[in-house]
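Dear colleague,

Please find below the structure that I am handing over to you. My notes on what was found in it follow directly after.

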Amino acid sequence: MRSTVNKTEPIDFSQSPKVDKVGVEERVARFQTRSLKGASKLQGLKLALNMIDLTTLEGKDTPNKVRQMCYKAEHLHDSHPGLPTVAAVCVYPSMVKVARESLRNPEVKIASVSTAFPSGQADLNIKLTDTKLALDNGADEIDMVISRGKFLSGEYNFVFDEIAAIKEACGKSRLKVILETGELVTLDNVRKASDIAIYAGADFIKTSTGKIQPAATMQVTYTMLMAIKDYYDKTGIMIGMKPAGGISNAKLALHNLVMVNETLGGKWLTNEWFRFGASSLANDVLMQIVKQETGIYQSTDYFSID
Amino acid sequence: MSRLEIIKTYKIYIGGAFPRTESGRYYVPLNKKGEPLGNVCLCSKKDAKNAVVAARKAFGSWSERAAFNRSQILYRIAEMLEGRKAQFVEELVLQGSTQKAAQQEVEASIDRVVYYAGWCDKVSQVTGSVNPVTSSHFNFSVYQPMGVIGIIADQSTSLIGLISQVIPVIASGNTVVVLAAENLPLCAVTFAEVINSSDVPGGVVNILTGKPDEPASVLGTHMDVNAIVLGSDSKELNASLRKSSALNLKRVIEMQTDWSKADAQGLYQITDCMELKTTWHPVENIGGSTSSY
C-alpha cells in the first residue's frame, strides 16, 4: 500500500511516452493465441474468479439487490466445493452500509465508487464528501473517476491535484483511479492519464466505469500495464491494475491474465494487484471451472442469477 | 478452352454464419457409383459446443416472437426452397436419387414447410386447455417451447427427413442444433443457405456435418441442451444418447418414420418438443352458474 503521495519532482505529463498503436495491436493479438489447457486452465480460472470485483452500479440498485450480490460474492456456487470467493463487491457509496452489514467473510472487500461517479462532473468538495461518506460507511477501497473534461482540455495539473486530494482523504484505504478510457479517444491519452494517476498516488489504475463503450479493450489495458511497468522499473513501487467493463467471459479473462503475466510478471497475479470489474464474468468462469472438472458443458439454468 | 467448373465448398452453419469446422478436418462421402460428393466438414465436439451457444443465444427472441411472425418466416423458407428447387433436385440426383424421386422429395419438402408454417399460431389454441379444478382457480395449460433441441437427422434421406425433423421443432419457438446425414450431407448445407436468406434469425437453426457420433456426444451430455431428437436408426448411437441425456434429465424423443409419406407430418411432431405449463390463477369458480365470467 502507498501511504504517501509522490510529489517529489515536478513532472511534465505532456512528455509521457507516445504509444505505438500498431505495435500494441500486434502484441495484444499474440496474447490471444496462448492456449491454456488442463490444470493450468483450471488454475487460471480459479485465479480469475478470485480477482473479480462483483459489481452493481445501477440507478435502480436496491438494498436487496446489494444483499443478494454480497451473498453471491461469498457463495459463488455452493454445490461445487473448493471454490475461492471473489475479491470484492463494488457498489455506490449509498449502498456501502448495506454491503458492510451483509458480508460475513473478511476476505471479500467492499469497494465503493465515488467522486460523482460516473461523470465526475462535480466540485472537489462534493467529491471529497462523497469519498468520506463511502469510507465512513465502511468501504475498504475507493474507485474514483478522473475529470475527463479537464484532462481533455489539457489541465493535467487540475487532474493530478484532484487525485492527490482524494488519495489524502482515503488515508490507508486503497484508491483505484478510473480513467474512463472510452472518453480519452487515443492510446497516447490513456498513457498520459495513467502516468498522472500513478504519480498522483493511485494504488490501482482502472480502465472504465462500465457506462461508456468501448471499455476495457486489451489494447487499453496493455497501454496501462506498460505505464505501471515503467513506473515500477523506475521506482520499484507496484501499482495495481483493474480492467472493468466488457470482460464478460472466461476466455477473455484468461487472455488478460496471460497479458499481465507477460507484461508485469507473476508478482501481479494476485487480487492484491490485479482485479476484474465485472457483473456477469463470475458465472461464465464458474461454468468453465465446472466444465473443466467434470468434462460436461454447463448451463446458466443451474447457476445463480447475476 | 473448356471452362473449369467451380466446385462448391460445403461449409457448416452456426449462429447465422458459414464457418468451416474449427477442427479443420473434412471427409469425402461417395455416392453409390463411387463418385465423390464433395469435401464436407467433419465436425468436432467443439463445433457442437459453439452451435449450442449460438442456439441458446437465439432462443430468447425467437421464442418471444409473435407466433404469427414465426409462421410468416417459415412460409418464407418455403418460398426460398421453391426458388432453389432445381439445385436440390440436382444434389439429390448426385446423391443417388432418380430424377423423378428427387423432384417428388423436394416438392414434398416444400409442402411440409408450408404445412408447419400454418401451425405456428394455432398450436396453443388446439392443444391448450382450461382445466376443471375443485378450488376457485382459473386453471389453464399451454404448451411452451423447451429451449435448445439437439437433432440427429434422419440418416437415410438428404432433405425430406431433415425438413420434417427441424421445421416442427422451430415452429414452436425452439432453436436447434442439427447433425446432418453423414453420407447424404449436400442438401443440409444448401438448406442452411436457404435458412440464411429466409428471415430466420441467426442461431435458430445450426447445421453440422460429419460423423454424428462425435458431436452427438456433446449434445447428449450438454446441460444447456433441453432435448434430443433421435432421428437416426443407429441403435448404438441412440443407446448412448439415452444414457448421457440422463445427466440433466433431458427429454429424448424418437422421430423415425418413412418421411416421404404424406402422413409423416402432424401436430404431435410439434408438441413433442414442447413442455406443458399449467397456471393456477385465483378467481371465483368460473364454471359455476353464479359466475360473472
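In chain B, the residue that B:Val229 has as its bridge partner in E9(B) is B:Ile253.

Please note how the model is to be read. This is a predicted model, in which local features need pLDDT of at least 70 and side-chain atom pairs count only at pLDDT 80 or more, while totals for chains, interfaces and linings use all residues. Residues are numbered from 1 along each chain as its sequence is written, and chains are lettered from A and ligands numbered from 1 in the order in which they are written.

The sheet of chain B

The pair of residues named above belongs to strand E8 (residues 227-230) and E9 of chain B, which run parallel and are joined by four bridges. In chain B, an open sheet of five strands with parallel pairing has the order E7-E6-E5-E8-E9. Its edges are strand E7 (205-208) and strand E9 (251-254) of chain B, each of which pairs on one side only. From one strand to the next, the twist averages 20 degrees.

Two helices accompany this sheet. Helix H8 (residues 213-221) of chain B packs on the sheet and touches strand E5 (148-152), strand E6 (175-179), E7 and E8. Two residues are in contact if their C-beta atoms, placed from the backbone, lie within 7 Å. The direction of H8(B) makes about 150 degrees with that of E6(B); axes are lines fitted to C-alpha atoms, for helices over the stretch in contact, and angles run from 0 to 180 degrees between N-to-C directions. Helix H9 (residues 235-245) of chain B lies across E5, E8 and E9, and runs at about 170 degrees to E8(B).

Chain B contains ten helices and ten strands. Its radius of gyration is 21 Å, which agrees with the value near 19 Å that a compact globule of 293 residues would have. This radius is taken over C-alpha atoms, and the globule rule is 2.2 Å times the number of residues to the power 0.38. The C-alpha trace of chain B spans about 90 × 40 × 30 Å along its principal axes. Of its 293 residues, 45% count as buried. A residue is buried if 20 or more other C-beta atoms lie within 10 Å of its own, exposed if 12 or fewer, and partly exposed in between, with C-beta atoms placed from the backbone.

An unreviewed UniProt entry annotates residues 33-252 of chain B as "domain: Aldehyde dehydrogenase"; such annotations may be inferred rather than shown by experiment, and their positions are given in the numbering used here, with feature names shortened.

Chain A has eleven helices and eight strands. The radius of gyration of chain A is 19 Å, close to the 19 Å that the globule rule gives for 306 residues, so chain A is as compact as a globular protein of that length. Its C-alpha atoms fill a box of roughly 55 × 45 × 30 Å along the principal axes, and 48% of its 306 residues count as buried.

A strand and a loop in chain A

Strand E3 (residues 109-114) of chain A has six of its six residues buried. On one side these are A:Lys109, A:Ala111 and A:Val113, and on the other A:Ile110, A:Ser112 and A:Ser114. E3(A) pairs in the parallel sense with strand E2 (residues 88-91) of chain A over four bridges, and A:Lys109 is the bridge partner of A:Ala88.

The loop between E3 and helix H5 (124-136) of chain A holds A:Pro118, which is joined to A:Phe117 by a cis peptide bond with omega of about 0 degrees. A:Ala116 lies in the loop between E3 and H5 of chain A, and has a positive phi of about 55 degrees although it is not a glycine. Most residues other than glycine have a negative phi, and most peptide bonds are trans. A:Ala116 counts as partly exposed because it has 16 C-beta neighbours inside 10 Å.

Yours sincerely

Note on methods. Two strands pair if DSSP finds at least two bridges between them.
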